[in-house]
Amino acid sequence: MTTDIDAELIEQGRKLFAGDWHFIWASPSIETLPPMGGIEIAFAGRSNVGKSSLINALTGRNALARTSHTPGRTQELIFFEGPDKNGLRLVDMPGYGYAAAAKTKVASWTALIHKFLLGRASLARVYVLIDGRHGLKDVDQDVLKTLDKSAVSYQIVLTKADQVKAAELAARIEETKAALAKHPAAFPDVLATSARSGRGMPELRAAMVRLMRERGQ
């Protein structure tokens, strides 16, 4: 039965993301956020962790989210919406922990991220992207603590899994799960993904379908 349910969710996830996803809004500040509506799922992570690549892989659009080899390029909250206003929005959050940017700019990005997490009732989940080659860093732990305080459900997604040997990736997943045991708002499962190979994308889409059902969408 579980397998049938999983297969159904994966198929629903495929359909959800098969349509025309598009950019709808960019917010450089909390004051310029779009009106709340439906369910919002945000993607957070260190600069250059692969957020934009993941969003593009999820939606099957090569250039929906701008990718850049220059860390820290996304400086706003970027909102995307699916076909026919299906009730789901994706939010690409500014990358954090980019040391080469001016300190004032880093501080403003950080404030924007934290205020958004604390005050957005339509925000159903945050996927915190962690580079599968390196695992959790101190700067990630700061964001996890903010998520715990804001009581927003979040889940860790390891990126760039295609660049890690299988045994090393398995060990990284287990050490990440162990670290999450200390975080009350964390979803216990850890997803390993690769925007390049497509690994983990069906499971991530299915998780979003399940979340929408739970929220009555």
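A nonpolar core is a set of buried Ala, Val, Leu, Ile, Met, Phe, Trp, Tyr and Cys residues joined through side-chain atoms within 4.5 Å. Buried means under 20% relative accessible area, exposed means over 50%, and partly exposed is in between, all with a 1.4 Å probe and protein chains only. The model is predicted: local features need pLDDT of at least 70, side-chain atom pairs count only at pLDDT 80 or more, and totals for chains, interfaces and linings use all residues. Residues are numbered from 1 along each chain as its sequence is written, and side-chain values use heavy atoms, with hydrogens and water left out.

The largest nonpolar core has 32 residues, and those touching the most other members are Met 93, Phe 116, Val 126, Val 128, Leu 147 and Tyr 154. Two or more residues of this core come from each of strands E2 (39-45), E3 (77-81), E5 (123-131), E6 (154-159) and E7, and from each of helices H3 (103-119), H4 (138-150) and H5. Helices (H or I, at least four residues) and strands (E, at least two) are DSSP runs, numbered from the N terminus. Another core, of 31 residues, lies apart from the largest one and includes Ala 57, Leu 88, Val 157 and Met 212. In soluble globular proteins, nonpolar side chains tend to be buried together.

Helix H5 (residues 166-180) contains Thr 176. With a relative accessible area of 1%, Thr 176 is buried. Beyond its neighbours within four places in sequence, Thr 176 is in contact (heavy atoms within 4.5 Å) with Leu 136, Ile 156, Leu 158 and Val 190.

The second largest pocket holds about 280 Å³ of space. Its lining has 15 residues, and Asp 189, Leu 191, Glu 203, Ala 207 and Arg 210 lie nearest the centre. Helix H1 (2-18), strand E7 (186-192) and helix H6 (201-214) each give two or more residues to this lining. H6 supplies the largest share, six residues. A pocket is an open set of points on a 1 Å grid over the protein atoms alone, where a 1.4 Å probe fits, with protein on both sides within 12 Å along at least five of seven lines; lining residues have an atom within 4 Å of a point. Grid points are joined across faces, edges and corners, and a volume is the space filled by probe spheres set on the points.

Two loop residues remain. Lys 160 is in the loop between E6 and H5, and its phi is positive, near 60°.
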